[in-house]
Amino acid sequence: MEKTGYNYDIVKSYVHWSILWGTVAVLVGVLIAFQLVYPSLNLEPYLTYGRLRPLHTNAGIFGWGIGSFFALFFYIVQRLCRRPLWSVGLARFQLYFFNATIIAAAVTLLLGFNTSKEYHELEWPLDIMVVILWVVFSINIIMTIVKRKEEHMYISLWYMLATIVGVAVLYIVNAAEIPVSLFKSYSAYAGTNDANVQWWFGHNAVAMVLTAPPLAIFYYFLPKSTGVPIYSHRMSIIAFWSLIFMYLWTGAHHLIWTPVPDWIQTLALVFSLMLIAPSWGSVFNGYLSMGGQWHQMRENYLVKFFILGITFYGLQTLQGPSQAVRTFSAFIHFTEWVPGHVHMGTMGWVSMVLFAGVYCIFPKIYGREVYSIPLANLHFWLVLIGQLIYSVSMWIAGIQQASMWHSMNPDGNLTYTFVETLAQLYPYWTIRAVSGVIYLAGVLVFIYNLIMTARSPEASLSAAAQNV
Ligand code: HEM
Ligand code: HEM
């Protein structure tokens, strides 16, 4: 604990656990990538692709993503409110409960309990655990903000509040279900209504989990890393409110060409296109904040992570709207193109910002400078190369797959059978698996660097590290 009374011990514990779950997510990602190439790696019944895939997505989004948001939010909220966390006891309880939920999720998914709703696979007893967890977290953050000693609310606090409210509403509405046994429930909605609610949840999970929290972190740590303030506070607030307003209408872009009413699909399409503006509001704010500071891209590894992260966010929010356009959706939907899109966001945007956020706070919570900057740079290049190879190989695979599916003979028959299109994917899947190994190597370098930092002798911090 510092003289200020800020509590960093709790932040430290969250960092450790989120990195552990992140490593599990990446390891399982690599395993399922290899399973597609070598089906014999599927070990019946627990370690099959069908059971490991949701384990991968849950460990990635909830274990690594949300776990590190907890850590970094608990750090940032104290600094921005100029007061200690409202309740450290509650935060500690939340940590135990978080880990218990993640373990219960892993076990039940491997046992085959699954609601079949993507990103909401956990059965109803676990839904209750998630709700308790979220209420505890929300109370702590909201009370810290209510009792803050700093009047001005910096943009990161707005994004945190949006995450808290957004996730609560989405999760509870989509979780409405009727339990029929301890681990089986049926959705309270039926048919197209069910699909609509599910993808309203699904895409807003992208907004409230994979967009708002990394933006909160980006807005806080980019100025801390460069040493110059964010370009425009007003622009950040305008982008915030328009982003929140627009995201809520876009869920049905996952249901283009389905029996969902046409007008709902059109609404989602139009709002998806409009979303480019608030998304790029933050991208430009980030770039403009670098005015006169671009040399730091060479000298400062933190800036490299943040600027590449926001660049992937920018590309992601151009690619996403294009996928909502009917003609393009008809081409790429159900193909490998979509995992390419997903991983530019998760391995690029979200994870780059999280890696950098952890590097920023590590000296502060451990009282030591980061062990090796060359290793941090090596980490940067490995995850960048791994991610690029992953996404580009999947985009090419998706285009080839879609072209083969759409190819017709002059007599109107399909040129290729489904199995013929599948056989063409093997080289791409192999490349993707190798890219996963490169990314995993980057993550291991990151962990080694952090362990060595924690074990190095305590030293007085540089002014830059003090200022975070
Ligand atoms: C302007 C912003 C965005 C728009 C309009 C958008 C649009 C879309 C569309 C239309 C799809 C469906 C593709 C299909 O299956 O045919 C999709 C999938 C997806 N997007 Fe985005 N996207 C955006 C940003 C992001 C960001 C920032 C992330 C963060 C990682 C992300 C993560 C995902 C994920 C995880 C899926 C896969 C969902 C599934 O399981 O089917 N998107 N996106
Ligand atoms: C080495 C790194 C990674 C590898 C090798 C990997 C591999 C994979 C594979 C093979 C799939 C299944 C694709 C399919 O069904 O066609 C997948 C899906 C997914 N992964 Fe990863 N992954 C990695 C990192 C991550 C991370 C860090 C996250 C989240 C923070 C993540 C989130 C997801 C999501 C949301 C999906 C579902 C995509 C969809 O439904 O279209 N992945 N991943």
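How many helices and strands does the protein have? In this predicted model, the protein has 18 helices and two strands. Its radius of gyration is 22 Å, close to the 23 Å that the globule rule gives for 468 residues, so the protein is as compact as a globular protein of that length. Along the principal axes, the C-alpha atoms fill a box of roughly 80 × 50 × 45 Å. Buried residues make up 46% of the 468. Contacts between residues at least 6 apart in sequence were also examined: 83% of them join residues at least 24 apart.

Ligand 1 has 26 residues around it. Leu210, Gly320, Gln323, His333 and Gly345 come nearest. Three helices each supply at least two residues of this shell: H12 (301-324), H13 (326-332) and H14 (337-366). H12 gives the most, with seven residues. By class, the shell around ligand 1 holds 10 nonpolar residues, 15 polar residues and one charged residue.

Ligand 2 has 24 residues around it. Here Gly29, Gly60, Thr346, Gly436 and Tyr439 come nearest. At least two shell residues each come from H1 (9-37), H2 (49-81), H14 and H17 (426-455). The largest share belongs to H14, which provides eight residues. The shell around ligand 2 divides into 14 nonpolar, nine polar and one charged.

Terms used: Residues numbered from 1 in each chain as written. Chains lettered and ligands numbered in written order. Predicted model: local features only at pLDDT ≥ 70, side-chain atom pairs only at ≥ 80, totals over all residues. Near = placed C-beta within 6 Å. Helix = DSSP H or I, 4+ residues; strand = E, 2+ residues; numbered from the N terminus. Nonpolar A, V, L, I, M, F, W, Y, C, P; charged D, E, K, R; others polar. Rg over C-alpha atoms; globule rule 2.2 N^0.38 Å. Buried ≥ 20, exposed ≤ 12 C-beta atoms within 10 Å, placed from the backbone. Contact = placed C-beta atoms within 7 Å.
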